[in-house]
Amino acid sequence: MYSSKITGLGYYVPENVVTNNDLKQWMDTSDEWIQERTGIKERRWIDPKTGDTTAVMGAKAAKIAIERAGLTKDDIDFIIFATLSPDMYFPGGGVQVQDLLGMPTIGALDIRNQCSGFIYSLSVADQFIKTGMYKNILVIGSENHSGGLERSTRGRGVTVIFGDGAGAAVLSRSEETGKGILSTHLHSEGVHAKELALIGPSTQRWVPEIMEANDPDDTSYYPYMNGQFVFKHAVVRFSEAINEGLEANGLKKEDIDMLIPHQANLRIAQFIQKKFQLPDDKVYNNIMKYGNTTAASVIIALTEAWELGKINEGDLVVLAAFGSGFTWGSVVIRW
Ligand code: UT7
């Protein structure tokens, strides 16, 4: 069996910065409320004039990751693309990236696991590489939340949290043992599917039905989140997923050199940091700048931390995420 290691990282966020105060033009909110409850100061929202979309941002991040891996688009054997905000209902963003980057007719797989999308994607890529099926896999997480959020006081509980952006990694075959991805751990609990969901448009609630009803109180086509319920589950599941990853590899919390938690809420990340007694320099957060970018959040944070020199050869890096589904998981990496 081979092992897989990350050989290239990249991210792209739209230039358009939306501060907490900027949000006041659409809704009754405040910088104080948002910072105190979430830690977010600003987020990036696509300016439609730029032509950025979920797939376009994914392709931009991918280009950087491929270049940093010392590869060209023609060296990539497979694409895995995670998002909850695709440009089209179908097909998914993977084929769009294949086209945008002018790649050969390689396979493209779309992953729908929301905030855990990148964790699930890395796990799938890891399996394909370990079995020898592929050598280099491009893994992308990208979200255009701003296009689908309700910009009104009614939607403020969700809208202020989410930001746009994309990140990408190249996962490559390696013959070194004890390095690269050591293990991945995936979970779900579908009984809570509706606690964080966008119900329509879907085959259960299709566009003509929504249009015909013409109901101003219908919010089914905006994301819904039972915030406190999600929060309570998140802190438990994050901890479980991290512990599971450590135990599977015979490691202790003191062995962690860098924890990259999904950027859902700074309070969740701080709770986890405290629980695992990690010093500030062993947890990387950037929700302050980008908000919650769902499938892109872990990979953007991982890339930034690496760019800042916070991740070095031999470090034990743990990635963990929790979100809609509910789905959650972790990835343990020896860098
Ligand atoms: O990424 C996927 C996983 N997601 C998560 O893990 C998110 C988990 N949940 C959370 O992060 C938090 O629950 C939120 C940040 C979403 C909300 O924070 P909260 O402390 O749970 O607030 P709340 O929803 O209980 O709302 C408290 C109050 C309400 O007013 P009343 O009913 O007490 O008068 C809301 O209407 O805050 C009000 N509120 C706002 N006020 C100003 C809600 N949103 C806003 C807002 N600005 N944007």
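Me: Is G178 buried or exposed?
Reply: G178 is exposed, because its relative accessible area is 53%. The term exposed applies over 50%, buried under 20%, and partly exposed in between (1.4 Å probe, protein chains only).

Me: What kind of model is this?
Reply: This is a predicted model, in which local features need pLDDT of at least 70 and side-chain atom pairs count only at pLDDT 80 or more, while totals for chains, interfaces and linings use all residues. Residues are numbered from 1 along each chain as its sequence is written, and side-chain values use heavy atoms, with hydrogens and water left out.

Me: Back to G178: in which loop does it lie?
Reply: G178 belongs to the loop between β7 (165–174) and β8 (180–188). Strands (E, at least two residues) and helices (H or I, at least four) are DSSP runs, numbered from the N terminus.

Me: And how far apart in space are G178 and I333?
Reply: Their C-alpha atoms are 9.3 Å apart, although 155 residues separate G178 and I333 in sequence.

Me: Now E244. Which helix is it in?
Reply: E244 is placed in helix α7, which covers residues 227–248. E244 counts as partly exposed because its relative accessibility is 29%.

Me: What is E244 in contact with, leaving aside neighbours within four places in sequence?
Reply: E244 is in contact with H185 and H187 (contact means heavy atoms within 4.5 Å). With H187 there is also a polar contact between the two side chains, at 2.6 Å. A polar contact is a pair of N or O atoms within 3.5 Å; within protein, one must be able to donate a hydrogen and the other to accept it, and residues adjacent in sequence count only if both atoms are side-chain atoms.

Me: What about F322 and W328?
Reply: That pair is tilted, because the ring centres are 6.0 Å apart and the planes are at 40°. Both F322 and W328 are buried. Together with F229 and F326, they form one aromatic cluster.

Me: Which charged end sits over the ring of Y2?
Reply: The charged end of R173 does, 4.0 Å from the ring centre. Such a placement requires NZ of Lys or CZ of Arg to be within 6 Å of the ring centre and within 35 degrees of the ring normal. R151 also lies over a ring face, that of W26, at 4.8 Å from the ring centre.

Me: Last one: which residues come nearest to the ligand?
Reply: Of the 24 residues around the ligand (a heavy atom within 4 Å of it), T29, R37, Q228, N265 and N292 come nearest. An oxygen atom of the ligand is 2.6 Å from a side-chain N or O atom of N265. For the side chain of N292, the corresponding distance from a ligand oxygen atom is 2.7 Å. A nitrogen atom of the ligand is 3.0 Å from a polar backbone atom of G227.

Key:
Phe/Tyr/Trp six-rings, centres within 6.5 Å; stacked < 30°, edge-to-face > 60°.
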